[in-house]
Amino acid sequence: IRDSFFIECVPLGVAKDASLAALLERMGLTRDNLMACGDGLNDRSMIAYAGVGVAMQNAEQPVKDTAVYVTAADNNHAGVAEAVEKFILREE
C-alpha cells in the first residue's frame with residue numbers, strides 16, 4: 001500500500017544530481033559515464049542528470065517521463081539488474 005504523502009527534508013543545495021556531479025568530477029568522469037536508476041519523485045533530478053536515466057516499472061509517472069528507459073521489471077523484481085544488463089553488460 002502506498003502512503004498518500006511523503007516528506008523528504010534535506011539541507012538547501014543537497015540533491016542527488018549535484019552529489020553525483022561532484023562525485024563524477026572527483027573521479028574525472030562525466031555524466032555520460034553515469035547510469036542512474038530510480039522510482040521515486042526524489043530521483044527525478046538524478047535520472048535527468050545521468051547520461052542514461054532509468055525509471056523502474058513501478059515508478060510514478062513523472063519519474064517515468066524523465067527517464068530515457070523504463071524497465072519491464074520493478075525495483076523489487078530485478079529492475080536494476082535489467083538496466084545493468086541492457087546498458088552496462090551489453091555486447092557492442
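**Group meeting: a walk through one predicted chain**

At 6% relative accessibility, aspartate 43 counts as buried.

First, the overall layout. The chain has four helices and three strands. Going along the sequence, they follow the pattern α-β-α-β-α-β-α. The C-alpha atoms fill a box of roughly 40 × 35 × 20 Å along the principal axes. There are 92 residues in the chain, and 27% of them count as buried. If we take contacts between residues at least 6 apart in sequence, 24% of these join residues at least 24 apart. The chain exposes about 6,500 Å², with carbon and sulfur atoms supplying 54% of that area.

Now back to aspartate 43. Where is it found? Aspartate 43 sits in the loop between strand 1 and helix 2, the helix of residues 44–49. Leaving out residues up to four places away in sequence, aspartate 43 touches Lys16 and Gly38.

Side chains of opposite charge can pair when their charged atoms come close. How many salt bridges does the count come to here? The count comes to one. It is formed by lysine 16 and aspartate 43, whose closest N and O atoms are 2.5 Å apart. Lysine 16 belongs to helix 1 and aspartate 43 to the loop between strand 1 and helix 2, so the pair ties together parts that are 27 residues apart in sequence. As for cover, lysine 16 is partly exposed, with a relative accessible area of 32%, whereas aspartate 43 is buried at 6%. The buried label follows because the cut-off for buried is under 20% relative accessible area.

Next, the aromatic rings. A search of the whole structure turns up one aromatic pair. The ring centres of tyrosine 69 and phenylalanine 87 are 5.3 Å apart and the planes are at 80°, so this is an edge-to-face pair. Which parts of the chain does the pair tie together? Tyrosine 69 is in strand 3, residues 69–70, and phenylalanine 87 is in helix 4, residues 79–87, so the pair ties together parts that are 18 residues apart in sequence.

Phenylalanine 87 is partly exposed, with a relative accessible area of 21%. Phenylalanine 87 also has a charged neighbour: lysine 86 lies over the face of its ring, at 5.6 Å from the ring centre.

Staying with that part of the chain, look at alanine 78, in the loop between strand 3 and helix 4. Most residues other than glycine have a negative phi. Alanine 78 is not a glycine, yet its phi is positive, about 70°. What is its relative accessible area? Alanine 78 comes out at 48%, which is partly exposed.

Last, the surface. Leu23, Met27 and Leu29 make a nonpolar surface patch of about 270 Å². Leucine 29 is found in the loop between helix 1, residues 16–27, and strand 1, residues 35–38. Leucine 29 is partly exposed, with a relative accessible area of 35%.

To recap, the places to look at are the salt bridge between lysine 16 and aspartate 43, the edge-to-face pair of tyrosine 69 and phenylalanine 87, the positive phi of alanine 78, and the nonpolar patch made by Leu23, Met27 and Leu29.

Key
Residues numbered from 1 in each chain as written. Heavy atoms only, no water. Phe/Tyr/Trp six-rings, centres within 6.5 Å; stacked < 30°, edge-to-face > 60°. Helix = DSSP H or I, 4+ residues; strand = E, 2+ residues; numbered from the N terminus. Buried < 20%, exposed > 50% of the residue type's maximum accessible area, 1.4 Å probe, protein only. Lys NZ or Arg CZ within 6 Å of the ring centre and 35° of its normal. Patch = residues over 30% accessible without salt bridge, like charges linked within 9 Å, V, L, I, M, F, W, Y side chains within 5 Å. Areas by Shrake-Rupley, 256 points an atom, 1.4 Å probe, with all protein chains shown as cover. Salt bridge = Lys/Arg side-chain N within 4 Å of Asp/Glu carboxyl O. Contact = heavy atoms within 4.5 Å.
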